[in-house]
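Please give me a short tour of this structure.

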Amino acid sequence: MAGIREGNGDAFSYDAFLSYGHAHDAKLASVLQTKLERFAKPWYRTRGLRVFRDDADLAADPDLWGAIERALGTARWFVLLASDSAAASPWVNREVTWWLAHRSAARLLIVATERRLVWDDAADDWAPNAPVPPALRKVFRTEPLWVDMSGVTGVDLPVERLADLAAPLHGTPKELLISEQVRQHQRTMRLAYGAVAVMTVLTLLAAGGAFVAVGQRDKARTQARLATSRQLAALATANLSTRLDVAQLLAVEGYRLDHNPQTRAALFQSLASSPRLVRYLTAGARITALAASRDGGVVAVGTASGRVIRWDLRSGHRDELTVGSRGVTQVALNSDGMVVAVADGAAVWVKDMAATAAFTTMGAHLGTVDLAVSPSGKTVAVLDGGPSNSARATLTMHVRASGASVQVRSDSFEHVGLTDDAEVTMFNSLGMWRRMVASNLRSKAAFLTMSTPAGGFAPGSSPDGEYLGYAKYGQVTAWSTRDPNVDTSTPSGFLSSRTPNAPSDDLVISRDGKWAATTRGGALYVGPLSKDSQSAETAPAGELLTGTREVRGLAFLGRDGTRLVSAVGESVALWDLRYPGRLAERTGITVADAAAAGNPPTLVLPPDERLVLMSGSIQGAAVYDFSSRPPRTLVRNDTASNTTPVWDRARKRPLLLRSLDQEEELQTFEAKPVTVGRWTTDGSAPIAASQTPDGGEVVIVDSSGAVRVNNISTGRSRRIAAGPRRRNGLDYVAAGAVDPEAHSAAVASTLGAALIDLGTGRIRQVGDGAAVQVVFTRSNLYVQRATDDLEVWSRDGRTLQRTFPPDGGYHWSFAVSRDERLLARLRTDGSVVLTDPMTSELVGSFQLPYPEGSTATTPYGGTTLAFTTDQRELLTATAGGELIRWAVSADALTVRACATAGRALTHQEWEREVHLGPTSSRSCPPAVRR
């Protein structure tokens with residue numbers, strides 16, 4: 001059940017592995033690598049040796065030791081730079097330990113970089129204060145020969161010392177190697193002198209055409225870079241449905257090469273695709289077993305190299321544990337993931353992560369087919385015997401504290417589960433099961449009749465065996481083993497949501513029996529199980545999850561079915577049905593439902609601040625500090641209604657405009673507000689407000705469409721313009737806006753869009769047709785028509801710059817970034833579409849999560865969009881839902897893509913996908929070793 005199908009890996013070859021302490025020998029190691037690779041090399045080759053050095057050869061890899069171990073495994077010699085720094089480094093000691101365990105000390109060369117490397121003849125070992133790692137003591141029986149480079153700083157490496165080290169690496173006597181080095185150097189100098197003479201002549205001839213050549217070269221490089229970046233963008237798009245991690249990394253590489261609309265769109269699309277895929281966890285080796293804890297906090301995998309990698313998703317901590325040289329076949333966890341059980345087909349081990357002790361063996365268990373750990377971690381169940389019909393198949397129960405065990409034949413059972421320490425369940429793929437007392441393995445209940453179809457089905461279960469089922473004919477049938485009287489010979493029990501009407505590879509059922517997940521190649525299908533439906537046509541709909549290659553292991557994370565983990569090659573993919581997408585970051589800020597009454601929430605983002613002001617007609621008001629994650633609530637007033645936030649430009653503080661019947665108050669936005677201004681009104685509530693640059697007045701557009709200016713200190717109010725002229729009393733004011741400099745205001749209504757000059761009071765009609773939204777930018781006025789047309793006008797309302805034609809699906813809400821390089825528009829289905837308003841080119845789109853608290857028939861109608869002042873994020877606030885921040889800038893997208901992919905693009909992937917040879921790209925952060 002935890003076993004995983006096999007895959008392939010890659011290998012390298014090095015002449016030497018360089019091990020050193022970074023604090024003392026980083027510079028020397030770098031120079032030594034270069035000098036060794038070039039020493040006595042033929043003139044026509046780039047290097048004579050290949051030397052591994054971590055800083056030069058390691059790419060980003062979460063499995064850092066796995067990468068180092070692979071390099072050690074393909075190196076012919078081990079070169080240790082002996083220093084106090086190396087002696088104190090746990091990494092150097094681990095490397096020496098590995099080499100001595102898997103290779104020979106005869107292939108280990110020592111370079112002394114400090115003068116205290118002394119051999120103690122009396123002890124037949126290094127002197128007590130010799131700068132060598134602990135693993136190197138008691139290794140040599142007699143004093144070994146080492147190379148003395150103490151006092152050498154880097155660039156002045158003596159040829160004699162280099163030859164001492166290079167001779168065994170080349171397998172050539174030192175004298176011959178030095179002679180070859182001298183001969184190659186003389187040959188190189190003769191070639192250089194000849195080349196100088198030739199180049200002198202050629203330089204004179206080429207001088208006239210240099211300018212043209214340089215221009216052509218630069219143009220060719222630009223064209224090549226552009227072509228490669230577009231190729232990477234196309235490859236990223238092609239990999240979206242099958243290898244989303246590779247797609248994200250290719251998109252990062254493409255955008256790094258050239259910033260153009262195609263690479264930007266590919267980068268955005270790679271993060272917007274398959275939004276339920278949260279991120280990848282990289283094991284660094286082929287995964288052969290997968291397990292997830294019942295509380296949903298821990299994921300563990302076993303690898304073909306005999307290691308167990310455990311991730312604590314709550315703290316982000318990653319543990320790597322070595323079990324043995326055999327590949328891991330089974331992994332099991334207790335409820336909180338602190339107890340890990342491992343099998344490799346020959347033995348079973350258990351480790352308590354809270355203890356410092358290593359793995360404890362549970363004894364020999366040949367042909368282990370399944371194992372389980374009780375929720376408390378006190379009991380381990382092991383099912384042995386190979387094939388299900390083996391007469392030697394047995395179930396063994398181990399009590400960890402006492403070491404006691406009890407055993408019984410398992411007959412034809414293939415899987416084992418533990419719901420607690422008192423009961424154990426065995427079951428098989430035919431639907432048979434037996435529940436027993438854990439302490440003595442006496443049978444309590446059993447169902448030994450075949451409950452599955454004749455063939456062509458995928459069997460499955462919950463991890464503890466409480467639920468069994470099968471997938472066939474586009475549906476999942478499941479039943480409970482807790483009810484021995486259930487009639488499992490007919491498709492009663494639970495029926496899942498519809499699944500693809502094709503053979504499934506795997507089936508898993510959640511621990512609570514309410515969800516089922518099936519796999520077909522790289523696609524997952526997750527749906528709820530229903531007691532009411534008896535056919536696939538009436539079953540509730542599930543969700544198709546794409547973005548990975550063939551899934552080789554699958555498990556629900558936690559007790560319910562909203563989170564899953566799947567093993568894909570050397571990585572684990574995390575899925576969450578409640579996750580809004582990798583572009584999104586939830587803030588935890590809820591927005592009150594405004595369906596019954598009131599307008600969508602108002603968002604105000606002050607310039608050059610990380611504050612967000614949010615209020616609404618019925619939801620109160622609050623100020624949030626977005627410089628922290630999650631955002632910090634500075635002030636919150638849940639009782640305030642009919643309020644509009646205003647930014648005090650003069651004092652750089654938030655204010656709150658409150659509408660009180662025939663009055664308005666301007667208050668400080670504090671726990672104990674102070675009124676700074678008050679004036680009388682005609683009862684029309686504000687729909688837009690902004691303070692003048694000098695801080696003395698507030699410009700208000702009210703619900704009647706009137707524009708007025710109120711003096712804060714005196715309370716004097718002067719009306720600049722009345723509302724739109726009524727037509728049979730049916731006109732409606734939809735929105736208003738005040739420009740950033742408070743020179744003009746705009747009103748959108750059923751009568752059209754109007755621009756009001758605050759200095760003269762002149763009203764200019766902007767275009768024709770009913771308007772539902774107006775937004776000012778530094779240079780333009782954006783007008784959303786009721787027909788879905790979005791028009792861009794000059795700030796004076798005289799010139800129509802461009803029009804985004806309608807398609808019948810856009811809502812009134814949109815936002816424009818400060819530099820006008822991004823336009824976000826909301827569609828009625830809840831998707832947000834981003835375009836470049838200057839070129840009308842599509843950047844990408846993403847889906848808003850459904851507002852679970854909304855009672856509106858069109859729930860996304862209560863959504864407000866706003867770009868942050870740094871333009872890196874788009875904020876969305878949906879009534880009945882939440883306030884979410886979405887990464888939209890290319891820089892933020894590259895960081896998010898690297899983080900969710902969990903690694904960098906490997907050289908092998910680059911060569912395989914792009915066919916352009918190796919790349920030196922470090923678009924994603926490299927691994928940090930010491």
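Helices (H or I, at least four residues) and strands (E, at least two) are DSSP runs, numbered from the N terminus. By that rule, Asp836 lies in strand β59 (residues 831-836).

This is a predicted model, in which local features need pLDDT of at least 70 and side-chain atom pairs count only at pLDDT 80 or more, while totals for chains, interfaces and linings use all residues. Residues are numbered from 1 along each chain as its sequence is written, and side-chain values use heavy atoms, with hydrogens and water left out.

**Asp836**

Is Asp836 buried or exposed? Asp836 has 6% relative accessibility, so it counts as buried. Buried means under 20% relative accessible area, exposed means over 50%, and partly exposed lies in between (1.4 Å probe, protein chains only). Contact means heavy atoms within 4.5 Å. Leaving aside neighbours within four places in sequence, Asp836 is in contact with Glu820, Arg821, Glu841 and Val843. Ala824 is 12 residues from Asp836 along the chain, and their C-alpha atoms are separated by 9.0 Å.

Two packed helices are described by the angle between their axes and the distance between the axes. Axes here are lines fitted to C-alpha atoms, for helices over the stretch in contact, and angles run from 0 to 180 degrees between N-to-C directions.

Take α9 (residues 261-272) and α10 (residues 890-901). Their axes come within 10 Å and cross at roughly 45 degrees. The two helices are therefore oblique to each other. Angles under 35 degrees count as roughly parallel, over 145 as roughly antiparallel, 65 to 115 as roughly perpendicular, and the rest as oblique. The crossing of α9 past α10 is left-handed. That term applies if the near helix is turned anticlockwise from the far one by less than a right angle; clockwise makes it right-handed.

Which residues of α9 make the contact? They are Leu267, Phe268 and Leu271. From α10 come Ala890, Leu893, Thr894, Arg896, Ala897 and Thr900. By class, this contact has 6 nonpolar, 2 polar and 1 charged residues. Ala, Val, Leu, Ile, Met, Phe, Trp, Tyr, Cys and Pro count as nonpolar, Asp, Glu, Lys and Arg as charged, and the others, Gly among them, as polar.

Helix α8 (residues 244-257) also packs with α10. Their angle is about 145 degrees, and the axes are 9 Å apart. α8 passes α10 in a left-handed crossing. Asp245, Gln248, Leu249, Val252 and Tyr255 of α8 meet Ala890, Thr894, Ala897, Cys898, Thr900 and Ala901 of α10. The classes here are 7 nonpolar, 3 polar and 1 charged.

**A covered helix**

Helix α3 (residues 64-73) is mostly covered, with 7 of its 10 residues buried. The buried ones are Leu64, Trp65, Gly66, Ala67, Ile68, Ala71 and Leu72. What covers them includes β1 (14-19), β3 (75-82) and α5 (90-102).

**Strand pairs**

Strands of a sheet pair through backbone hydrogen bonds, either parallel or antiparallel. Two strands pair if DSSP finds at least two bridges between them.

| Strands | Bridges | A facing pair |
|---|---|---|
| β26 (residues 467-472) and β27 (residues 475-480) | 6 bridges | Lys472 and Gln475 |
| β27 and β28 (residues 494-496) | 2 bridges | Thr477 and Leu495 |
| β54 (residues 780-785) and β55 (residues 790-794) | 5 bridges | Val783 and Glu791 |

β27 is mostly covered: 6 of its 6 residues are buried. Gln475, Thr477 and Trp479 lie on one side, and Val476, Ala478 and Ser480 on the other. The hairpin of β26 and β27 has 2 residues between the strands, and its Tyr473 takes a positive phi near 60 degrees.
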